Amino acid sequence: MTDKELKYTQLLKEAAALLDGENDLIANMANLAALIHETMGFWWTGFYIIRKGSDGKEQLVLGPFQGPIACTRIAFGRGVCGTSWQRRDTIVVSDVEKFPGHIACSSESRSEIVVPVFKADKVSAVLDIDSRYLNTFDETDAHYLEQIVKLLN
Ligand code: SME
């Protein structure tokens, strides 16, 4: 096991213990964001939740997060977050400047991973993580973060 895999294995256990017995979505998202952020030392870690806007259309709205202030609303198919929602799949971006349509909430962000959260087979939110360094995220991050967001169900 690599150091990263070991860290994530431990993190997954801690996350399961943290959420055990609590079913409030916002409280669980807040604690998960803090746990991942503190353990892994990322630049920005948080959730965007799908909600209806004033036009009646669904969009991503900023939820619990750790790190600097961020964009509040993201449309379906826009940026890395909206694209992950549209594709219903995790997206790993090794260099944000090379992702067409990337939304730069912070000029410090260099690489990013977005993991969809499913509820009854529908995307209900996304977990978005930003790094100040290029190439931070890979298949290992995708694998463990997908397990971690499943704990929200
Ligand atoms: N970069 C994201 C926007 C959210 S911030 O990174 C917190 C995107 O392109 O969807």
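The buried residues of helix H1 are Tyr8, Leu11, Ala15 and Leu19, where buried means under 20% relative accessible area, exposed over 50% and partly exposed in between, with a 1.4 Å probe and protein chains only. Seen down the axis of H1, these residues fall within an arc of 60°, so they line one face of the helix; the arc is taken from the directions from the helix axis to the C-beta atoms. On the other side of H1 you will find Asp3, Lys13 and Ala17 exposed. The cover over the buried residues includes helix H2 (25–40) and helix H4 (139–150), with contact defined as heavy atoms within 4.5 Å.

A word on the ground rules: this is a predicted model, in which local features need pLDDT of at least 70 and side-chain atom pairs count only at pLDDT 80 or more, while totals for chains, interfaces and linings use all residues. Residues are numbered from 1 along each chain as its sequence is written, and side-chain values use heavy atoms, leaving out hydrogens and water. Helices (H or I, at least four residues) and strands (E, at least two) are DSSP runs numbered from the N terminus.

Back to H1, then, for its length. The helix has 17 residues (3–19) and should span 24 Å at 1.5 Å a residue, which agrees with the 24 Å between its end C-alpha atoms; the expected span is 1.5 Å times one less than the number of residues. Glycine 21 follows H1, with a positive phi near 85°.

Now let us turn to helix H3. Seven of the nine residues of H3 are buried, so the helix is mostly covered. The buried ones are Gly79, Val80, Cys81, Gly82, Thr83, Ser84 and Trp85. Their cover includes strands E1 (44–52), E2 (58–66), E3 (73–75), E4, E5 and E6 (122–131). Valine 80, found in H3 (residues 79–87), is buried with a relative accessible area of 3%. Not counting residues up to four places away in sequence, valine 80 touches Ile91, Val93, Phe99, His102, Glu112 and Val114.

At 19% relative accessibility, histidine 102 counts as buried. With residues up to four places away in sequence again set aside, histidine 102 touches Gly79, Val80, Val96 and Glu112.

Val80 and Glu112 also bring us to the ligand. It is surrounded by 13 residues, the closest being Val80, Cys81, Ile103, Glu112 and Asp130; a residue is near if one of its heavy atoms lies within 4 Å. A polar side-chain atom of glutamate 112 lies 3.0 Å from a ligand nitrogen. A ligand oxygen is 3.0 Å from a side-chain N or O atom of aspartate 130, and for aspartate 128 the distance from a side-chain N or O atom to a ligand oxygen is 3.3 Å. Taken alone, the ligand exposes 310 Å², and the protein buries 99% of that; these areas come from the Shrake-Rupley method with a 1.4 Å probe.

Finally, follow H3 to arginine 88, whose phi is positive, near 55°. Arginine 88 lies in the loop between H3 and E4 and, at 38% relative accessibility, counts as partly exposed. Leaving aside neighbours within four places in sequence, arginine 88 is in contact with Pro116, Phe118, Asp121, Lys122 and Val123. A polar atom of the arginine 88 side chain lies 2.9 Å from the backbone oxygen of aspartate 121.

Definitions and conventions. A polar contact is a pair of N or O atoms within 3.5 Å; within protein, one must be able to donate a hydrogen and the other to accept it, and residues adjacent in sequence count only if both atoms are side-chain atoms.
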